[in-house]
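Subject: Structure for you to look at, with notes

Dear colleague,

I am handing over the structure below, together with some notes on what was found in it. Please have it open beside you as you read.

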Amino acid sequence: MSQVKTITKIVGVVLDEEKKPVPNVSVTVKGDAKTATLTNTKGEFIITPNQENATLIFKSVGYNTQEFQLSPNMKLPVGVLMTAMNENIDEVVVTGYANRSKESFTGSASTFSKQDLLRVGNKNVLQSLQNLDPSFVLSENLSLGSNPNALPDIQLRGQTGLDDIRGEYSGNPNEPLFILDGFEANLQKIFDLDMNRIASVTILRDAAAKAIYGSKAANGVVIIETIVPAEGAMRVSYNANFNVEAPDLSSYSLANAREKLQVELNAGRYTSTQPVTQQHLREQYNAILADVESGVDTYWLAQPLRTGLGNKHTLMLEGGTSALRYVADFTYNNNIGVMKGSNRQNTGGSINLSYRSGKFNFRNILSVNFNASNNSPYGNFSEYSSLNPYFSSYDEYGNIKKMLGNFTASASANPFYYYNPLYNATLQTKNFSKYNEITENFYAEWQANKALRLTARVGFTFNGNNSEVFLPGDHTSFATWTGENYFKRGSYYMSDGQSTSLSSDIFANYSKQIGKHQIFVNAGWNLASFDSESHGMRAWGFLNSRVDFITFAKQYEENGVPTGSESLKHEVGFISFGNYSYDNRYLADISFRTNASSVFGANNRWGNFWSFGLGWNIHNERFLANNPVINQFKLRSSIGSTGSQNFNPYQAMATYSFFNQSTYDNIAGAYLKALANDNLKWQEKLDYNLGTDFRLFNRINARFEYYISNTNNLLTDFTLPPSTGFASYKENLGKVQNKGFEGSLNYTVYSNPKSQSYFSIFGNFATNRNKLLTISDALKQVNKEQDDLGAEQTVNLPKIRYEEGKSTNAIWAVPSLGIDPITGRELFLKKDGKQTYVWNADDQIAVGVTDPKLRGNLGFNMEYKGWGLSTSLRYTIGEDHYNSTLINRIENVNVAYNVDTRVLNDTWLNPGDQAFFKRITATPTKTNPTSRFLQKKSDLTLSSINAYYDFKWKNLSRYHLKNLKLGLYMTEAFVLSTIRTERGTDYPFARTFSFTLQTTF
């Protein structure tokens, strides 16, 4: 019989409810948190308490905190059972290379369990992350709305790179790095990932957390871990979602038939000084008026829309022995969009095997996914929002019209035709894309001894894709193709491509506790290769929808050539990072990674990235030990550098192309297409972070951060003299700075573990400001090109401009003094303070910034005896917004199309009128960027409501069920805004209702 008082070390094992080992569990001594350790891969731990009757505390992601009371007469090893949690606890930081105890981690990271993600949404993991972490931002796309086939633009802690000015990037330069089960994954893969497969998601923000990913971590890192197999008898889990998508048209306020006709009359469309023309115009007006009087008032917005009924099903099989465990899942997800004919369908599955033999552990994950995406045959939503409501879509026989009507300015003028986009939906058009993806990941681990672990990983992904767009000759797009172009009507575009990635790494992990000293060291090597290519071509001449195969084409697109692209990138790196903790009070993290990439110049292939972090667990000091108020109080800071690599793979090389229209002596020549830059190096980001974490009364958890990030060696175009034959080449000539605050607060108002009931509220915020510190002369040339464009064309919206000291998200416009009541013309303020009626690009200033002053989430979670309710609201405060609706639908409107009802009010008509808008005329006016349309925008969105009932209090065994849970979700329930602007111009936004079923047999 072993006695605690005669044993200096306590040995034990931690198991879950299925009797499987739980690794990386944080084990501390109650009242003496400085004595701590982590369980190994077998769930084993060794700890030396300071008292023989001490209480051990066990914490881990996804599990409820457990306490174990030691006693003098107990037997060793001790056994501790961890139960699945009901509330959010993130005591372990998953970095993708190794799991770290949050107690000793100095970086800025947030971990969310599967339950956390599903609590705020079940659509996709990206949407849920936005509702949980304010630093993770999905940019609102007012054009694409809720299009199921549109991938979002994502930023983490602001914009670190410049937008793709001349097509030099291979992706979004501000997108974070996604790591799925230890390997890099693209946005499309994460977007289509089944949330039921996810175990946890960790967001790494600062250098101490993300620098281990070196050359790709500048924009932050998102680590996603899928469910690990659990041993035991086979368990079958089934999850079903039945989704209802309802279009949200609340942002539209278009004129009805009578109002629209009045707008045209007011604008002078039916007025002429020539009697004959006046008579002709009056006849057209009377004909339309007669239709209006007869009841014609078509609500065109509803014509291409539907209530989408989608469904999602996941079947998972799990079980095995302590030696061999398995998880197999099968998923079907059909996301039906609100525009008729649009959907995104995913069918896939994965097999996860884990085999353990002695000190060796092997794991293999094979996953496949088949995606089919269809865009609506009804075209763009903007086609319908612009149609006049006094047109009827059907003729007197109930057939869909191809031409709705026409207008002629005079008896001898050419008619202006209105075509019916509904007619196109009756044709056998095609507009789809598909991809098939196979991913194979293999892991091997050797636990050499209790302190040393060696791991090796190999991952391979293949993706094949294709897309087609077919428009037959009778499509309205070719209605005006007559004469010699008649037989060229109809087009067919086809493209295909494939990509592969192969990556591997080897790591050694050493962890040792020597007295009060805890040491953790990890070092390794990685190698990766990425290869992709695509091809495309367009053909003409498909007279009707029955000839819908490419071989029926009359010819290739006139003056067109096949298109394509290819990319090959290689990289290699060496990584090392470590953590030191003294008495679990004083903490230090250090990392260093050196990377080489084929993307950059021959003289700068290698880049070095590093980080250093310090932390202080003040709550483990003697003066706060066992304090009933302050349960945790931690200060941490970090500094470090990371890189960006989301660029054209050949930007540093000299590239050539061939002459295809001339030869010399029957030999085709080559010419230099782009200059090489052997000195082109990594775009680097230097991060500074200061943060604090605290917990009060064991009820209040809070985190606050302040950061400064400087992106150095910004890759921009360097302008060359015309004599070189090139406009520019890539150079490191820019610098961008981001700085901001972040914070979160969670308060458990009520908790009763016995009845598993609780009520908690949460709130978080983030603010970010950025500015350009240095720019190249090429960016100044871009400014000039934009100004010249504004002088030559009708420019409705502000163009991107780059100036040192200003934000990359600045809105540039000429200050406006409003509409002159006497003349009806807009009055501008020049830079020298003088007033003028003439708009001049040189007078543009930064009148606002699109970044909100504050953004965040707030809500509550509750459960009482199985009944649960969770809500999440997303807010933005103080965003400068250039309201394009006021221009395109009101002031710059073409009265040939439908308008916003505000056209009927507040427009200048006669001298002396105090009006916001200029006079609306039959000819569209030109309004260049002006501060008159800048508005302060603040939004409040009810992003998620989740109500459910868990039958865990019922006796389900008689039905051969282990659990059963029914739920109802509602996402994007409403949006309250301080401004009125149209949302979803090309594809409408939608409210989603989802009925869920979860059960295990």
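Are R902 and D900 buried or exposed? Both R902 and D900 are buried, where buried means under 20% relative accessible area, exposed over 50%, and partly exposed in between, using a 1.4 Å probe and protein chains only.

Before the rest, a word on how to read this. This is a predicted model, in which local features need pLDDT of at least 70 and side-chain atom pairs count only at pLDDT 80 or more, while totals for chains, interfaces and linings use all residues. Residues are numbered from 1 along each chain as its sequence is written, and side-chain values use heavy atoms, with hydrogens and water left out.

The pLDDT, which is the predictor's confidence in each residue on a scale from 0 to 100, averages 87 over the protein, and 90% of the residues score at least 70. Two stretches call for caution: pLDDT stays under 50 over residues 1-5, for which the model has 14 contacts beyond four places in sequence, and also over residues 164-169, with 19 such contacts; contact here means heavy atoms within 4.5 Å. Where pLDDT is low, the predicted coordinates should not be read in detail.

Salt bridges come next. The rule asks for a side-chain nitrogen of Lys or Arg within 4 Å of a carboxyl oxygen of Asp or Glu, and by it the count comes to 43 salt bridges. One of them joins D687 to K210, with the closest N and O atoms 3.2 Å apart. Because D687 lies in strand β35 (residues 683-696) and K210 in helix α4 (residues 207-210), this pair ties together parts that are 477 residues apart in sequence; helices (H or I, at least four residues) and strands (E, at least two) are DSSP runs, numbered from the N terminus. D687 is buried at a relative accessible area of 3%, and K210 is buried at 1%.

A salt bridge also forms between E879 and K937, whose closest N and O atoms are 3.9 Å apart. E879 counts as buried at 15% relative accessibility, as does K937 at 4%. The pair R902 and D900, with which these notes began, forms a salt bridge as well, its closest N and O atoms being 3.0 Å apart. Elsewhere, salt bridges that share partners join D133, R157, R205, R636, D693, R703, E705 and E742 into one network.

There is also an open sheet of three strands, in the order β4-β1-β7 and with mixed pairing, two strands being paired if DSSP finds at least two bridges between them. Since β4 (44-47) and β7 (78-81) stand at the edges with a single partner strand each, one side of each is left without a neighbour in the sheet. Strand β1 (residues 10-15) runs antiparallel to β4 and is joined to it by four bridges, with I10 standing opposite I47 in β4.

Finally, two single residues. N441 is placed in strand β24 and is buried, at 5% relative accessibility; not counting residues up to four places away in sequence, N441 touches several residues, including L180, R363 and F460. T426 sits in the loop between α8 (421-425) and β24 (430-447), and its C-alpha atom is separated by 61 Å from that of V25, 401 residues apart along the chain.
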